[in-house]
Amino acid sequence: QLPIAPTVPEVDKGQSDFNASKLVELLRAFAEPKVLTVLVLRGSFAPVHSGHLEALELAKATVEANGAAVVFGFLALRDQTQVVQKLQGSTTLLLESSHRLALCEAACADSPWLDVLPEVGESRQSTEVVRQQLSTEFRHIEWNVMDVLGGDYVESHLQILPQREYA
């Protein structure tokens, strides 16, 4: 077992937009952290499914294979307005924010390194919110906060090139 880092502060859950208790426990395993990585997967999670969790696990394995220490990951919920936009205005299949949050919390409950970041406005802000909070609450650590892109994002933001026929 690694020594407990004496400089890891206890965090008052009420001061944070995310539950830092899991993160504090994980940080205790790093005696001399230099740069620690946190992964953020933003999405509607309507509903959350195994592919979302697998994307974070794959991203963690990839980042760690390149020598970085990944200590935590978040499912960052998009706000309800963005979910309606994703569904192209249809509210027929719309899950309420509270239901999406509860489902994500249940999906992360058994994971020691995953948790949920509730809606923080525009989804692009969630990574910066995490970075600011970690830098404020854990000043002695340099944080690398990385976005994990899901299939929906990639499909909607990349132009798919037509396949070429090769002789």
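This is a walk through one protein model, from its overall layout to single residues.

The model is predicted, so local features need pLDDT of at least 70, side-chain atom pairs count only at pLDDT 80 or more, and totals for chains, interfaces and linings use all residues. Residues are numbered from 1 along each chain as its sequence is written, and side-chain values use heavy atoms, with hydrogens and water left out.

Start with the layout. The protein has six helices and four strands. Helices (H or I, at least four residues) and strands (E, at least two) are DSSP runs, numbered from the N terminus. From that end, the order is α-β-α-β-α-α-β-α-β-α.

Next, the whole chain. Of the 167 residues, 37% are buried. Buried means under 20% relative accessible area, exposed means over 50%, and partly exposed lies in between (1.4 Å probe, protein chains only). The accessible surface comes to about 10300 Å². Carbon and sulfur atoms hold 53% of that surface. These areas come from the Shrake-Rupley method with a 1.4 Å probe; for residues, only the protein chains shown count as cover. Contact means heavy atoms within 4.5 Å. Among contacts between residues at least 6 apart in sequence, 73% join residues at least 24 apart.

Helix α2 spans residues 50-65 and has 16 residues. Its first and last C-alpha atoms are 22 Å apart, close to the 22 Å expected at 1.5 Å a residue. The expected span is 1.5 Å times one less than the number of residues. His52, Leu56, Ala59, Lys60 and Val63 are the buried residues of α2. They cover an arc of only 100 degrees around the axis, which puts them on the same side of α2. The arc is that of the directions from the helix axis to the C-beta atoms. A general rule sits behind this pattern. An α-helix has 3.6 residues a turn, so residues three or four places apart point the same way. On the other side of α2, Glu54, Leu58 and Ala65 are exposed. The cover over the buried residues of α2 includes β1, β2, β3 and β4. Just after the helix, Gly67 takes a positive phi of about 95 degrees.

Move on to α4, residues 97-108. This helix has 12 residues and reaches 17 Å from its first C-alpha to its last, close to the 16 Å expected. Arg100, Cys104 and Cys108 are buried in α4. Their arc is only 65 degrees around the axis, so they lie on the same side of α4.

Then comes α5. It has 13 residues and reaches 18 Å, close to the 18 Å expected. Its buried residues are Ser126, Thr127, Val129, Val130, Gln133, Leu134 and Glu137. What covers them includes α1 (21-27), β1 (35-43), β2 (69-77), β3 (114-117) and β4 (142-148). Look at Val130 in this helix, which runs over residues 125-137. Val130 has a relative accessible area of 0%. Its C-alpha atom is 9.6 Å from that of Trp143, 13 residues apart along the chain.

Turn to the strands. Thr37 lies in β1. Thr37 is buried, at a relative accessible area of 1%. Beyond its neighbours within four places in sequence, its contacts include Val63, Val71, Phe72, Asn144 and Met146.

Rings of Phe, Tyr and Trp (its six-membered ring) pair if their centres lie within 6.5 Å; planes under 30 degrees apart count as stacked, over 60 as edge-to-face and the rest as tilted. The rings of Phe72 and Phe74 have centres 5.1 Å apart and planes at 65 degrees, so this pair is edge-to-face. Both residues are buried.

End at the loop between β1 and α2, where Phe45 is found. Most residues other than glycine have a negative phi, and most peptide bonds are trans. Phe45 has a positive phi, near 50 degrees. Phe45 is also buried, at 2% relative accessibility. Pro47 lies in the loop between β1 and α2 as well. A cis peptide bond joins Ala46 to Pro47, with omega about 5 degrees.
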